[in-house]
Amino acid sequence: MATPKQKITLNASRDIPFNKLMLSQSNVRRIKRGETIEDLAASIARRGLLQSLNVRPVLDGEGNETGMFEVPAGGRRYRALELLVKQKRMVKTEPVPCVVTNANSEVPIEEDSLAENFQREDLHPLDMFRAFQILHDQGASHEEIAARFFVSATFVQQRLRLARVSAKLHEVYEQDGMKLEQLMSFTVTDDHARQEQVWEALENSWSKEPHLIRRMLTETTVRVSDRRALFVGVDPYVAAGGVVLRDLFEADNGGWLQDAALLDRLVDDKLKSAADEIAAEGWKWIVVDLDLPFGHTHGLRTLAGTPADLTDEERAQREALRAEYDRLEAEYAEADELPDEVDQRLGEIETVLEAFEGRPMTFDPAEVGSAGAFLSIDHDGDLVVDRGYVRPEDEASEPVDGAESGAEAGANQTGGEPTVHRATITIGPQSTDTEEDEGDGKPLPERLVIELTAHRTLALRNAVAENPHVAITALLHRLVLDTFGQRSTTGCVEAFVRHVHLSAQEADLKDSPSAKAVAQREAAWKGHIPFGDDEALWIWLDALDDASRHALLAHCVSYGINALFERPNPSSGSGISQHGLDRRLHEADRLSRATGLDMLEAGWRPTVENYLGRVTKSRILEAVREGAGEQAARLINHLKKGDMAKEAERLLGHSDWLPEPLRLIADDQPVDQAGEEDVAALPEFLAGEDDDQDAADDVTAHAVAAE
């Protein structure tokens with residue numbers, strides 16, 4: 001007959017006065033892990049003791065119970081109760097729920113302590129998220145929940161945001177299908193359908209990095225740091241019904257504006273309102289464009305204006321600020337580092353003084369009616385108004401004896417009051433070229449090559465202007481060949497000097513380091529050159545020291561630099577031949593070597609907008625392979641073109657990779673000596689390009705009469 005298995009008997013539980021308990025030296029927990037006894041004591045004070053202590057009777061030398069009990073498991077709870085007694089929040093005889101183990105148990109006392117800690121399973125993070133959500137749904141605020149569990153309010157907000165992620169993604173996370181960092185990245189949006197769509201797109205992908213998930217979730221949004229958002233402001237956007245997305249787990253610089261269309265409408269409305277205000281000043285035309293191209297004032301005459309007069313109060317304020325600035329500089333002249341408050345104050349003074357110096361110009365009212373202004377937004381979201389430009393077609397003709405001026409005639413026709421003309425406000429968005437074909441070996445779009453070489457031309461102009469020796473050498477080289485009839489092609493240096501306009505350029509060219517340097521140098525010279533009086537100009541030039549003359553010469557010569565690619569078309573009469581193009585690009589390389597031009601140091605980096613988003617996938621992979629290695633190219637090989645271009649931008653961000661049109665040709669390669677009419681093959685990166693590429697280059701504009 002089988003012997004029945006013996007049933008287990010659980011240890012008895014009983015309430016023992018706290019003063020009959022003592023901490024056991026057999027407790028295996030010896031190292032503190034950061035949990036504070038104070039927090040646990042506060043939790044017990046709020047909720048009571050949620051878990052009993054494990055105790056054993058203390059025996060005397062003869063094996064008899066002494067009435068005291070040692071605590072091998074539950075040492076932190078014991079210390080928390082001890083603290084409550086010391087704080088007089090609990091009496092020392094308070095009964096404590098305990099599970100009593102036989103003092104003569106076969107199980108070692110150390111095993112009790114180890115088992116309680118070792119066999120404990122931590123709460124799954126998802127259970128924590130949901131529990132926090134339940135408390136929040138019951139009416140507890142972020143701060144109240146944080147206070148109850150001794151964490152920060154941000155910690156609670158993060159867990160509540162994780163609790164609101166799609167239930168389908170919770171299930172994937174619960175089954176270890178994604179990491180916590182990946183789940184965190186989905187919290188930037190509350191759109192469950194979009195969350196699930198992104199996960200489905202990446203689920204079987206090699207690359208499921210959190211940064212890629214965030215970028216896909218926000219690819220149709222606009223960053224709060226974007227100049228359009230800064231221009232409109234987050235509060236007006238939200239007031240108009242817009243939603244702001246925030247990332248509670250990563251620095252997001254203010255987050256993203258979800259509704260890009262709404263933002264663009266608000267930008268347009270605010271720009272139009274600003275244009276109406278400027279038009280009320282009497283200008284003939286107003287051009288409004290978020291991305292005014294570099295050189296947009298080329299060919300326009302600039303009106304001579306005078307800064308608006310300061311009031312007596314403003315003059316006094318300016319002088320007081322200058323005196324304070326000089327005093328602080330003198331006081332801390334010997335200091336190795338300025339105190340933070342002093343540095344901040346100097347910055348504040350500089351800002352106010354710059355505002356005084358940059359106050360609006362006043363113009364002759366007689367000229368305002370035939371001139372116009374440009375409106376744009378800078379990278380800080382500030383409105384930029386550039387007034388006082390006259391188009392060639394608006395230039396007044398020389399008056400004939402006895403003839404009335406336009407203003408006088410208008411006054412006579414209206415009974416003594418001049419005719420009021422409405423300003424024409426032109427809104428001219430920049431066109432963008434897109435290439436969606438995916439064929440392997442597809443050549444670079446001709447428009448893209450022209451834009452890339454526009455970058456190089458501008459950088460080369462700046463490099464030549466900063467190197468008078470090279471500029472003078474280039475000028476003499478040009479003049480000697482022209483003087484002695486040694487060459488008929490123009491080459492790279494057009495030193496008559498003809499300003500070569502960069503007709504095709506990307507929107508950010510004007511914000512490149514080269515463009516800023518050229519513009520600052522131009523503004524500096526304009527502030528000193530006495531225009532309008534030819535005799536005074538001659539005297540001024542004649543009196544310049546050699547260093548200034550060289551610098552001015554270099555600046556002027558630089559405007560003749562033309563390193564642009566253009567399709568050879570000698571039959572058009574005004575087009576360039578293949579030999580002329582070869583000569584131009586060869587000389588551009590020579591100038592680049594002479595000036596030490598490095599396009600990477602000049603600020604060019606491959607981005608989705610300026611290269612990667614406008615070439616084929618094979619070209620993108622080739623760039624990553626060359627700039628970041630074969631392994632990096634394999635990581636993005638499976639992506640769609642848009643995502644591939646964005647990842648490639650990240651991978652190439654710190655590389656020294658350049659596309660072919662921006663690379664230097666070896667200086668030992670001879671220039672083709674073919675005749676002017678000989679049309680050779682196009683460069684390899686353009687071979688086979690369709691002739692109708694330029695059809696997409698037109699810029700559209702809409703003219704609206706201002707009210």
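**Entry 1**

I began with N54, which stands opposite V99 in strand 5. Before going on, I noted that this is a predicted model, where local features need pLDDT of at least 70, side-chain atom pairs count only at pLDDT 80 or more, and totals for chains, interfaces and linings use all residues. I also noted that residues are numbered from 1 along each chain as its sequence is written, and that side-chain values use heavy atoms, with hydrogens and water left out.

Helices here are DSSP runs of H or I with at least four residues, strands are runs of E with at least two, and both are numbered from the N terminus. Two strands pair if DSSP finds at least two bridges between them.

With that settled, I saw that strand 3 and strand 5 pair in the parallel sense over 3 bridges. On strand 4 (residues 65–73), I found A73 as the bridge partner of N54. Strand 3 and strand 4 run antiparallel, paired over 4 bridges. They form a hairpin with 5 residues between them, and G63 in the turn has a positive phi of about 85°.

Buried means under 20% relative accessible area, exposed means over 50%, and partly exposed lies in between (1.4 Å probe, protein chains only).

Most residues other than glycine have a negative phi. K88 lies in the loop between helix 2 (75–86) and strand 5 (95–100).

I found D176 in the loop between helix 7 (167–174) and helix 8 (180–185). D176 is exposed, with a relative accessible area of 67%.

Next I looked at an open sheet of 3 strands, in the order 6-8-7 with antiparallel pairing. Strand 6 (222–223) and strand 7 (244–245) stand at the edges with a single partner strand each, so one side of each is left without a neighbour in the sheet. I saw 2 bridges joining strand 6 to strand 8 (residues 256–257). R223 has W256 in strand 8 as its bridge partner.

**Entry 1: helix 18 against helix 20**

At what angle do the axes of helix 18 and helix 20 cross? For helix 18 (residues 446–465) and helix 20 (residues 513–526), I noted roughly 45°, with the axes coming within 8 Å. That makes helix 18 oblique to helix 20. My page shows L458, A459, N462 and A465 of helix 18 meeting S514, A515, A517, V518 and R521 of helix 20, where contact means heavy atoms within 4.5 Å.

**Entry 2: the whole chain**

Last, I stepped back. The protein chain has 26 helices and 16 strands. Of its 707 residues, 39% count as buried. Among contacts with a separation of 6 or more, 76% come from residues 24 or more positions apart.

Conventions:
Axes are lines fitted to C-alpha atoms, for helices over the stretch in contact, and angles run from 0 to 180 degrees between N-to-C directions. Angles under 35 degrees count as roughly parallel, over 145 as roughly antiparallel, 65 to 115 as roughly perpendicular and the rest as oblique.
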